[in-house]
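Trainee: I would like to learn how to read a structure feature by feature. Where do we start?

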Amino acid sequence: MDNQLSYEEAMQKLERIVSQLERGQLPLEDALRAFEEGVKLVRLCQEKLQAAEGKLLLLQAQSNAKIKLQEATLE
């Protein structure tokens, strides 16, 4: 699996895998491989979401700090 996938690309691949598995037409070995890839894609998506959340929290904290600094200089 490619760790360079964007979140959206990983989700698209995951949706295709889920669709294949739901149809139940894959041979057992192929289904196991697809499931394993799906688990990896879920982890990748979770990591990307956590990284995005971390960035948002950092930006929010920086923004709040700037606002407080501006308020302090106005007083």
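Trainee: Which residues make up the largest nonpolar core?

Mentor: Keep in mind that this is a predicted model. To read a core, look for buried nonpolar residues joined through their side chains. Here the largest nonpolar core has eight residues. They are Leu5, Ala10, Leu14, Ile17, Ala34, Leu41, Leu44 and Cys45. Helices α1 and α2 each supply at least two of the core residues. Helix α2 gives the most, with four.

Trainee: What is Leu14 in contact with, leaving aside its neighbours within four places in sequence?

Mentor: Leu14 is in contact with Gly38, Leu41 and Val42, once neighbours within four places in sequence are set aside. Leu14 and Leu41 are both members of the core.

Trainee: How many helices and strands are there in the protein?

Mentor: Count two helices and zero strands. Helix α1 covers residues 7-23, and helix α2 covers residues 28-74.

Trainee: What does the radius of gyration say about the protein?

Mentor: Compare the value with what the globule rule gives for the chain length. The radius of gyration here is 21 Å. The rule gives 11 Å for 75 residues, so the protein is more spread out than a compact globule.

Trainee: What percentage of the residues is buried?

Mentor: Buried residues make up 13% of the 75. For the surface, read the total and then its make-up. The accessible surface comes to about 6,300 Å². Carbon and sulfur atoms account for 54% of that surface.

Trainee: Among contacts between residues at least 6 apart in sequence, what percentage join residues at least 24 apart?

Mentor: The value is 73% for this protein.

Trainee: How many salt bridges does the structure hold?

Mentor: It holds three. Take each pair in turn. Ask for the N to O distance, then for the place of each partner. Glu37 forms a salt bridge with Lys13, with the closest N and O atoms 3.3 Å apart. This pair links distant parts of the chain, Glu37 being in helix α2 and Lys13 in helix α1, 24 residues apart. Their C-alpha atoms are separated by 9.3 Å.

Trainee: What else is Lys13 in contact with?

Mentor: Leave aside neighbours within four places in sequence, and Lys13 is in contact with Leu5, Glu37 and Leu41. Leu5 and Leu41 belong to the nonpolar core.

Trainee: Where do Arg33 and Asp30 lie?

Mentor: Both lie in helix α2, three residues apart, about one turn of the helix. The salt bridge between Arg33 and Asp30 has its closest N and O atoms 2.5 Å apart. Asp30 is partly exposed, at 33% relative accessible area.

Trainee: What separates Glu36 and Lys40 along the helix?

Mentor: Glu36 and Lys40 are four residues apart in helix α2, so about one helical turn separates them. Glu36 forms a salt bridge with Lys40, the closest N and O atoms being 3.8 Å apart. Glu36 is partly exposed, at 45% relative accessibility. Lys40 is partly exposed too, at 37%.

Notes. Residues numbered from 1 in each chain as written. Predicted model: local features only at pLDDT ≥ 70, side-chain atom pairs only at ≥ 80, totals over all residues. Heavy atoms only, no water. Salt bridge = Lys/Arg side-chain N within 4 Å of Asp/Glu carboxyl O. Buried < 20%, exposed > 50% of the residue type's maximum accessible area, 1.4 Å probe, protein only. Core = buried A, V, L, I, M, F, W, Y, C linked by side-chain atoms within 4.5 Å. Contact = heavy atoms within 4.5 Å. Rg over C-alpha atoms; globule rule 2.2 N^0.38 Å. Areas by Shrake-Rupley, 256 points an atom, 1.4 Å probe, with all protein chains shown as cover.
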